[in-house]
Amino acid sequence: MSTTTLTTDVVVVGAGPVGLLLAGELRLAGARVIVLEKLTEPSTESRATTLHARTMELLDQRGLLARVGDVPQGPGGHFGGLPLDFGGLDSPYPGQWKVPQTHTRAVLLDWATELGAEVRTGHTVLAVEQDREHVEVLAEGTDGSPVTVRARYAVGCDGEDSTVRRVAGIAFEGTDATRELLRADVAGIDIPDRRFERFPGGLAIAGRRPDGVTRVMVHRFGAPAAPRTGDPAFAEVAEAWREVTGEEISHGTPLWVNAFGNAARQAARYRDGRILLAGDAAHRQMPVGGQALNLGLADAANLGWKLGAEVCGRAPEGLLDTYHEERHAVGRRVLGNIVAQSSILLGGQETDALRAVFGELLRDERIVQHLTGMISGLDVRHPVGAPGSHPLLGLRLPPARLRAGLGRDTTTTELLHPARAVLLDLAPDAPGHAEVRAAAGRLAGRLRVVIAEPLDDVLTGLTAALVRPDGYIVCAAGPDESAAGSVRDAVAALRRWVGGVDTSVTAVTAVTKDPADPAVTRRKTTMGRLTNKTALVTGASRGIGRAIAERLAADGALVAVHYGRNKGAAEETVDAIRAAGGRAFPVRALLGGHGDVEVLFDGLEEGLKEHSGGTELDIVVNNAGIMGNTSPEETTPELFDRLVAVNAKAPFFIVQRAVRNMRDGGRVINISSGLTRFANPEEIAYAMTKGAVETLALHYARHLAGRGITVNNVAPGVTDNGSEIFSNPQAVQFMSQLSAFGRVGTPADVADVVGFLASDESRWITGAFIDATGGTLLG
Ligand code: NAP
């Protein structure tokens, strides 16, 4: 039988809720995912039935609560069988939410597959092998045929008897079960409901569901856990029930029977090279208080964005290792509380005194808060390594309402829907905040900068926060923070958690002591490759133009930041460049109208004179542009003229005028579009203007070659310019599929190409069309 070989970025083993949440998170991060599931049909057993407050928040962070629907919720929970009220939790979702595991799984399956995860059922994993670059998961398909999936990473989400863990040889440390509860769902019996009722001989729990089926659970005090290879017979459960309660249930019809013990084991490592574990594969615990599934889902939420960043090549060093560091510690703590609960729950009379003392303690509100915070997962605080002592550091960003830019109301959870990091600035005028926004702004595509006003008290005392895609705060500033301290901490946190903060190309002054004479200080400045050059970037207030302006400035050029209407945004670009140590000034001119180029060059020359003493220009980037967004039928002559005027006519006359100021060896770079190579009928007129710009480059290249001035085109594909559509995960997912790399472009992706064309290194390229579409529609 021939082997089917598949390739992907990540192979997830196990399509339970944990594997599926992970798959969706990986897709949102831009990674390709194949999920292998042994079963051909989804399990109908609902092992877990409780979602805790933090899990509800995680689902809210991805906009999934509407799909979960209206589900029953109640404050009543327990700690080892002692009543514990979850109603006071500080969350929009206090209490415990009753959601059958089958429903949670179905919601996550739809979501992950809509996002593009490939779920293959009927695939039994036999082996996992890894080398320095790849993993190979060897499986058997439904018809017994061999399937090999070659990926960068494999994640075992395949439950407590995990094959992945076993074949990877990862130790599963801990203890086997010493006590067990027998459990059965039984139809046709009529017994009173019992909530953790203790009899002299044992513990009995019974609950009748609306469909008339009764779930019974029973434990005989002192009885050791039986060595089991399968589920117990119903007769064994009925006998234990009779022994403990005196009631007869053997005439009932068992629908599902099983036994679960108080085994407590945890994988020694959640990561072994390219193999990772999540959910029950990483930890086995007695299912009390509904913590196992919630713990597993939180593993997936923690791992997804980190592994996605890793396989997409944008993870800062060490990011993936924080998965084990953070989640192993959380798992250890949860296992601890479950062991404590099982001792109280399953202990006989010897634990009565302990239970009595615990019962008294549970009357204290602070203890209730402590325990419910721990069990719900709300109190998880990650050691995020940032200095500072803000009380929210390392905790999840509390759900709260915000008024964001343009007066739009939103919530902190909604900000996280696209699963990107967020720099939330709640005090934009505070000292140092503009610098931090500038540093973050360079990372467009990796993170969103949001200026907002808090509408809820839970954010009191927080002036800014850097929030990871999973909602945890890795840098927090309060009103008393010093500007210098908060800028330093924020830049360090951006480097550590978001990556891409690159200062290597800016002019750096190193101050060193002379080894021969420590009294002598030496300064060495490393010049950027465009130092002493001047550049005009049109449309640099936002999007790609802004990233180009920042890039050229980082390389040392003095940059004229041109804009049309958006003065504030242009000033933000200039501020960002200056905060990063670069030089820039704004120039306004509304392109596409009469006299536009004169206005532009008047402002440009004035600014150049002021900042450089002359009016010489080295680099012109024709970036400003508008799109049509209109079908061919609805395109009016007016719209057509406007597109031509801004996108094609203005660049022609800008080049015509610029050559008077340009030094020999200069650079003209026009931002065209991938739409001159692939069709989109909504943008015919727009694409025609870009075709015109490309033709302009060809002929001007010939015309200006004698002066060593090169003229080239850079054609971006779909590029996240921060507009609304890039906050819609479904739209981003669709657009990502167009690129061979499976993600949308970032402004920096395009700016780096422009940076190269602006440099001396591109001197042998002119009249060229450079595709910067990330391999769009390569087939
Ligand atoms: P963007 O975010 O919409 O920004 C457009 C910029 O152009 C703004 O700075 C705007 O200035 C300026 N501008 C627009 N019309 C102007 C006018 N009449 N006069 C003066 N300035 C004007 O655009 P983007 O997405 O970064 O796109 C930049 C370039 O890349 C465009 O040429 C676009 O066609 C091309 N491109 C983009 C994509 C993409 O997916 N984003 C794909 C292919 C090609 P104000 O804000 O100050 O008005």
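**Rings, charges and a ligand**

Okay, let's start with a charge on a ring: Arg-677 lies over the face of Phe-769, 3.7 Å from the ring centre. By "over" I mean that NZ of Lys or CZ of Arg is within 6 Å of the ring centre and within 35 degrees of the ring normal. Arg-165 does this too, with its charged end 3.5 Å from the centre of the Phe-172 ring.

Quick caveat: this is a predicted model, so local features need pLDDT of at least 70 and side-chain atom pairs count only at pLDDT 80 or more, while totals for chains, interfaces and linings use all residues. Numbering runs from 1 along each chain as its sequence is written, and side-chain values use heavy atoms, with hydrogens and water left out.

Now, ring on ring. How many aromatic pairs does a search of the whole structure find? Five. Rings of Phe, Tyr and Trp (its six-membered ring) pair if their centres lie within 6.5 Å; planes under 30 degrees apart are stacked, over 60 edge-to-face, and the rest tilted.

Take Tyr-270 and Tyr-323: they make a tilted pair, 5.8 Å centre to centre with 50° between the planes. Tyr-270 is in the loop between strand 20 (264-267) and strand 21 (271-272), and Tyr-323 is in helix 8 (residues 321-346), so this pair ties together parts 53 residues apart in sequence. Helices here (H or I, at least four residues) and strands (E, at least two) are DSSP runs, numbered from the N terminus. Both Tyr-270 and Tyr-323 are buried, meaning under 20% relative accessible area, with exposed over 50% and partly exposed in between (1.4 Å probe, protein chains only).

Then there's Phe-652 with Phe-653: centres 4.8 Å apart and planes at 80°, so that one is edge-to-face. Phe-652 is partly exposed at 33% relative accessible area, and Phe-653 is partly exposed at 34%. Ring pairs link these two and Tyr-700 into a cluster.

On to the ligand. There are 29 residues around the ligand, and Ser-541, Arg-542, Asn-623, Tyr-686 and Asn-721 come nearest; the cut-off is a heavy atom within 4 Å. For polar contacts (N or O pairs within 3.5 Å), a ligand oxygen is 2.4 Å from a side-chain N or O of Tyr-686. A backbone N or O of Thr-719 lies 2.8 Å from a ligand oxygen. Which elements give two or more residues to the shell around the ligand? Helix 14 (543-554), strand 33 (558-563) and helix 18 (684-704).

Key: A polar contact is a pair of N or O atoms within 3.5 Å; within protein, one must be able to donate a hydrogen and the other to accept it, and residues adjacent in sequence count only if both atoms are side-chain atoms.
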